[in-house]
Amino acid sequence: MTPLTQADISAEIAERHAYYDSRVAAGAARLDSPLLDFAPYRSSILRHPTKNPRLVDPETIELVSPAFGQRDVAAVESDLTVQHSGEPLGERMTVSGRVLDGEGRPVRHQLVEIWQANSSGRYIHQRDQHPAPLDPNFTGAGRCITDDDGGYSFTTVKPGAYPWKNHVNAWRPAHIHFSVFGTAFTQRLVTQMYFPNDPLFPLDPIYQSIPDQAARDRLVSRYDHESSVSEWSLGYRWDIVLTGARATWFEPDGSEA
Ligand SMILES: [Fe+2]
């Protein structure tokens, strides 16, 4: 079989977006969610849900699922640059924002977890074997609890873009994975945050699996000079909105990369 090129994938993305745009032009409602069987993102064909979600008894699930308490999370866990004896290489940055409900009210005392590649675009994971260096001073995972204002803040280094095997010369835009736990494991939401003006956006079938440009834009952080620190770090801001017309897009269960 001929290997798929970026041109093949870009043509498929354009075709599906044109279909979505034509549906919206004909009066269909805009989608804030991704297209789950989005063929340009090849593995979604095999693993997108084909049956209705299964209802579970929340109390039964709670007996075996992860849980957390506020005292389980130390303040230092939100700083990904101090987890080892030395400092990680890369562009030091903070990413901060608020977790909000659909009415703009702060969502307090929420467990927010992040994971990311290092500044070279490499994860510490046995499936990630592409030839970029691991950083002995960077694990790439952190967590914090939102404050009374719904605020969170992480100190880290900017992740690099990395290759994946969706097609020939496929690269993911730089991103940070985010999880918001909810009040129980069955409420957990997972998504990705991106950086402004990434040239890989139009080429990435994961980002483009969200057909609506406005919904895609809501996954992009903004550079915030006010939260940059002189001689120290660059600041980015990104709010997470759980419900309503401005909700952040969240991944269906089983997504990765
Ligand atoms: Fe990733």
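## Nonpolar core

A nonpolar core is a set of buried Ala, Val, Leu, Ile, Met, Phe, Trp, Tyr and Cys residues joined through C-beta atoms within 7 Å. In this predicted model, the largest such core has 29 residues. Val 95, Val 99, Val 112, Phe 178 and Met 193 have the most contacts inside it. Six strands each supply at least two core residues: S1 (92–100), S2 (111–115), S3 (141–145), S4 (151–157), S7 (175–180) and S8 (189–194). S1 gives the most, with four residues. In soluble globular proteins, nonpolar side chains tend to be buried together.

Leaving out residues up to four places away in sequence, Phe 178 touches Val 112, Ile 114, Thr 191, Gln 192, Met 193 and Ile 240.

## Overall fold

The chain has four helices and eleven strands. Its radius of gyration is 19 Å, close to the 18 Å that the globule rule gives for 257 residues, so the chain is as compact as a globular protein of that length. The C-alpha trace spans about 50 × 45 × 40 Å along its principal axes.

Buried residues account for 27% of the 257 residues. Of the contacts between residues at least 6 apart in sequence, 71% join residues at least 24 apart.

## Annotated segment

An unreviewed UniProt entry annotates residues 95–123 as "domain: Intradiol ring-cleavage dioxygenases". That stretch is 0% helix and 38% strand. Its end C-alpha atoms are 19 Å apart.

## Ile 206

Ile 206 sits in the loop between S8 and helix H4 (213–217). Is Ile 206 buried or exposed? Ile 206 is buried, because 22 other C-beta atoms lie within 10 Å and the cut-off is 20 or more. Ile 206 and Gly 150 are 56 residues apart in sequence and 28 Å apart in space, C-alpha to C-alpha.

Terms used: Residues are numbered from 1 along each chain as its sequence is written. This is a predicted model: local features need pLDDT of at least 70, side-chain atom pairs count only at pLDDT 80 or more; totals for chains, interfaces and linings use all residues. A residue is buried if 20 or more other C-beta atoms lie within 10 Å of its own, exposed if 12 or fewer, and partly exposed in between; C-beta atoms are placed from the backbone. Two residues are in contact if their C-beta atoms, placed from the backbone, lie within 7 Å. UniProt positions are given in the numbering used here, feature names are shortened, and annotations may be inferred rather than shown by experiment. The radius of gyration is taken over C-alpha atoms; the globule rule is 2.2 Å times the number of residues to the power 0.38.
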